[in-house]
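Please examine the sequence and the structure shown below before reading on.

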Amino acid sequence: MKNADLIIAERKRQISAEGISSYEDDMYESGELIDAALSYLKAAALQARGEDQKCLDTLADAGIVPWPWENKWWKPSDQKRNLVKTGALILAELDRLERLENDAH
């Protein structure tokens, strides 16, 4: 599977398995989806520098990443998976912006 396909598959998984809807995404008007993407991107960067999983698990609790939701939803994985989650969250924000633009016309 190509990397772009992994991101699309993760976005679909978020919708089907996590029950995330476009309606819910549309409520995030203050950059929450971007902050979540940044959080997973920061985790991936730390992994590239050799940080272990235990450190990553505490990033949200310590306020090191801008995780916008309850910490129980913070689920860092391996570096590649964190990058895929980053991409899926960016895709969700882009879709939200597109819906907003379409509603304005």
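Against which helices do the buried residues of α5 pack? They pack against α1, α2, α3 and α4 (53–57), where contact means heavy atoms within 4.5 Å. Buried means under 20% relative accessible area, exposed over 50%, and partly exposed in between (1.4 Å probe, protein chains only). Helices (H or I, at least four residues) are DSSP runs, numbered from the N terminus.

**Model and confidence**

- This is a predicted model, in which local features need pLDDT of at least 70 and side-chain atom pairs count only at pLDDT 80 or more, while totals for chains, interfaces and linings use all residues.
- Residues are numbered from 1 along each chain as its sequence is written, and side-chain values use heavy atoms, with hydrogens and water left out.
- The mean pLDDT (the predictor's confidence in each residue, from 0 to 100) of the protein chain is 94, and 100% of its residues reach 70 or more.
- Within the protein chain, confidence is highest in α3, with a mean of 97, and lowest in α2, with a mean of 89.

**Helix α5**

- The end C-alpha atoms of α5 are 38 Å apart, which agrees with the 38 Å that its 26 residues should span at 1.5 Å a residue; the expected span is 1.5 Å times one less than the number of residues.
- The buried residues of α5 include Asn82, Val84, Leu89, Ala92 and Arg96.

**Helix α1**

- Helix α1 (residues 3–16) has 14 residues and reaches 20 Å from its first C-alpha to its last, close to the expected 20 Å.
- Glu10, Arg11 and Gln14 are the buried residues of α1. They lie on the same side of α1, because they cover an arc of only 100 degrees around the axis; the arc is that of the directions from the helix axis to the C-beta atoms.
- Lys12 and Ser16 are exposed on the other side of α1.
- The cover over the buried residues of α1 includes α2 (22–26) and α5 (79–104).

**Asp25 in helix α2**

- Asp25 lies in helix α2 and is buried, with a relative accessible area of 2%.
- Leaving aside neighbours within four places in sequence, Asp25 is in contact with Arg11, Ile20, Leu33, Ala92, Arg96 and Arg99.

**Nonpolar core**

- A nonpolar core is a set of buried Ala, Val, Leu, Ile, Met, Phe, Trp, Tyr and Cys residues joined through side-chain atoms within 4.5 Å.
- The largest such core has 14 residues, and those with the most contacts inside it are Leu59, Val65, Trp67, Trp74 and Leu89. Helix α3 gives the largest share of this core, 6 residues.
- Apart from neighbours within four places in sequence, Val65 is in contact with Ser39, Lys42, Leu59, Ala60 and Trp74.
- Lys42 has its place in helix α3 (residues 32–48) and is partly exposed, with a relative accessible area of 34%.

**Aromatic rings**

- Rings of Phe, Tyr and Trp (its six-membered ring) pair if their centres lie within 6.5 Å; planes under 30 degrees apart count as stacked, over 60 as edge-to-face and the rest as tilted.
- By this rule there are 5 aromatic pairs. The rings of Trp67 and Trp69 form an edge-to-face pair, because their planes stand at 90 degrees, with centres 5.3 Å apart.
- Trp67 is buried at 12% relative accessible area, whereas Trp69 is partly exposed at 24%.
- Ring pairs join Tyr28, Tyr40, Trp67, Trp69 and Trp74 into a cluster.

Methods
Helices (H or I, at least four residues) and strands (E, at least two) are DSSP runs, numbered from the N terminus.
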